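Hi,

Here is the structure I promised to pass on. Have a look, and below it you'll find my notes on what turned up.

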Amino acid sequence: MAVWDLSVTVEDLGPDALPITVSVTSDLHVGGVILKLVEKTQIKRDWSDHAFWWEQKQCWLLRTAWTLEKYEIHADAKLLFMQQHKPLYVCLPSGVTLRLRACFSSSVFKAVMGICRMLNIRHPEELSLLRPIEHKKKKKDKGSAEEVYDLTEVPLSSDSKPCLYNGMPAHFADSPQMESVYKMLSGIQPPPSPETLAKLYRPASVVDKAHIHSRWLDSSRCLLQQGIQENDKVWLRFKYFAFYEIDPKYDAVRLTQLYEQARWAILLEDIDCTEEEMMLFGALQYHISKVSLSEPQTPVSSAAMDDLDSALQFLEVKMEGESSSASEILDNLTAPDLNDYLKIFRPKKLTLNKYKQFWFKFQDTSISYFKSKEESIGEPIQQINLKGCEVAPDVNVAAQKFLIRLLVPAPEGMNEIYLRCENEQQYAQWMAACRLGSKGKTLADNSYQSEIQSIRSFLAMQKSSSNSQGNAHANDESINAHSLVSPRYHKKYKTKQLTPRILDAYQNVAQLSFTDAILRYLQIWQALPDFGISYMVVRFKGSRKDEVLGIAPNRLIRIDLSVGDVVKTWRYNNMKQWNVNWDIRQVAIEFEGNINIAFSCVTTDCKVVHEFIGGYIFMSTRSREKSNTLNEELFHKLTGGHEAL
């Protein structure tokens, strides 16, 4: 076998050091090359984290048993011998920047898992990294450097569950400084000043939002392959809005960062909400900031209690799976009746349709309606099967408007139906029933009453208290109303006008604990009609103009770019298959009922769309029995495309 010279640059020797030449043969394995190289450097140190990076092919040589011939490496190859774990600046949803060691050689998915493990964030599959949006810096801002917390000395553990001490990972309990960093990660950041808020980037249109969503890194490729270098800055954000098993006891950091992401989405108008909702968000934000100063934020848990919890959870799963058909029949027989007069409206283009009153009956997971109560014995005018449909609130308590918006799956997309209720009580009952029906549950389900209670408390929070004027106004001079609402309201209202409105809403949330207030904030955020939609500008096959594709946790939405109206909606559970033609960069999707759509991406690579769809389908496969183990292989199969195969 012929001997030839291989040139290798060793990063640790410095940028000016000359490459080292190693004599090799084609049948020599990569591990043997590393051995020869280390001997030549004559430096005694731990080289176990080092590996070869092949610059021309943009890939790591991580299979040390593979020969140079198998990797197709010849004398002209430029290899770089460097560390796999390097410092990276990671900006969290709260705006806090950490400098930590991340893995540059494994996929971004694995790198995120490592970061989340270090920070004690469960379910890392919901998060990912994206490139920051470049801000044009003004000359005045040169002196204001942001504070960075250095965690590069924290060892990276390979355990899926970090070892907890007093409710925090052991590496944060080492010193008072590290403990304060963890408290800062799991604690709420103070509301931003109106000046700071006005300077921050706000997406002005759907196209701007599409530009942000095009910056997600590819989960199946490593950081180095995507041009991310040592000490570069990336953002860590929740990418998939399908949050699984949020438990305040174990999710201190996760819950805080989720709240911060929701808060910034509201303040920077990344998601639309009504003026009433904005005042409620402002009141909750004010309350959370206030309570966070007086209440301990990190719940302490003991190992024995953790074991007991997991045992009870396992027992609950087992009992859920073993429910007998006889008891189910009995439950259905004792299900509460729900029938009443409601008004219905089907929006159609270019027609002025009014609400018409009918007698409605809820049975199993369907709604049927009749001309009158007397005719309810016979055949209904229509029966609407709620299983798999979208249920969204459209409520204004002050105006006594209680609407339930239903998006019902149909072969050509989704049919939109509005149900109008007369009062709060009727709305709470029917809204709870519709939500259960959409999940395939009947009124016999034990969560029906708690769902009604949750809706009632949500409505109570939107009521403005008439007797609130004297109670809190005198004590709350510290409130800065303009830091609690989006900049749009800074121009619309003066502080004197905003403060009473926020304090009115505050009366309804003032009794909530710190954790309950955060959970309530997230609950209202998740109830917004535009919640969880990621936007991409695409060109549909056969169309001459650009349109917007909205990708939500359970559906795809086709949006007219010029008007902003929803044209069509397709649900994932009606999807038969989707594939990507990587040569012409086109995504093709087939739905039930012989519906086929195809589109190419304008603002981003089609891999980003492919990953979103596959990611949401992966999120829907998670279950409590499997929650301790993450099926990484399935995630890559669904999101990785042709590279994963």
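A residue counts as exposed when its relative accessible area is over 50%, and as buried when that area is under 20%. Lys-576, at 54%, is therefore exposed. Its salt-bridge partner is Glu-590, with the closest N and O atoms 3.7 Å apart. The two sit 14 residues apart, Lys-576 in strand β24 and Glu-590 in strand β25. Glu-590 comes out as partly exposed, at 21% relative accessibility. Keep in mind that this is a predicted model.

Now for the other salt bridges. The whole structure has 29 of them. Glu-126 pairs with Arg-254, their closest N and O atoms being 3.0 Å apart. That pair spans 128 residues, from the loop between α2 and β8 to helix α6, and both residues are buried.

Five strands make an open, mixed sheet in the order β8-β12-β6-β7-β9. β8 and β9 are the edge strands with a single partner each, so one side of each has no neighbour in the sheet. Inside it, β6 and β7 pair antiparallel over seven bridges, with His-85 opposite Cys-103.

Finally, helix α5 has Lys-209, Ala-210, Ile-212 and His-213 as its buried residues. They cover an arc of only 155° around the axis, so they lie on the same side of α5. They pack against β8, β20 and α16.

Cheers

Definitions and conventions: Residues are numbered from 1 along each chain as its sequence is written. This is a predicted model: local features need pLDDT of at least 70, side-chain atom pairs count only at pLDDT 80 or more; totals for chains, interfaces and linings use all residues. Side-chain values use heavy atoms; hydrogens and water are left out. Two strands pair if DSSP finds at least two bridges between them. Helices (H or I, at least four residues) and strands (E, at least two) are DSSP runs, numbered from the N terminus. Buried means under 20% relative accessible area, exposed over 50%, partly exposed in between (1.4 Å probe, protein chains only). The arc is that of the directions from the helix axis to the C-beta atoms. Contact means heavy atoms within 4.5 Å. A salt bridge is a side-chain nitrogen of Lys or Arg within 4 Å of a carboxyl oxygen of Asp or Glu.
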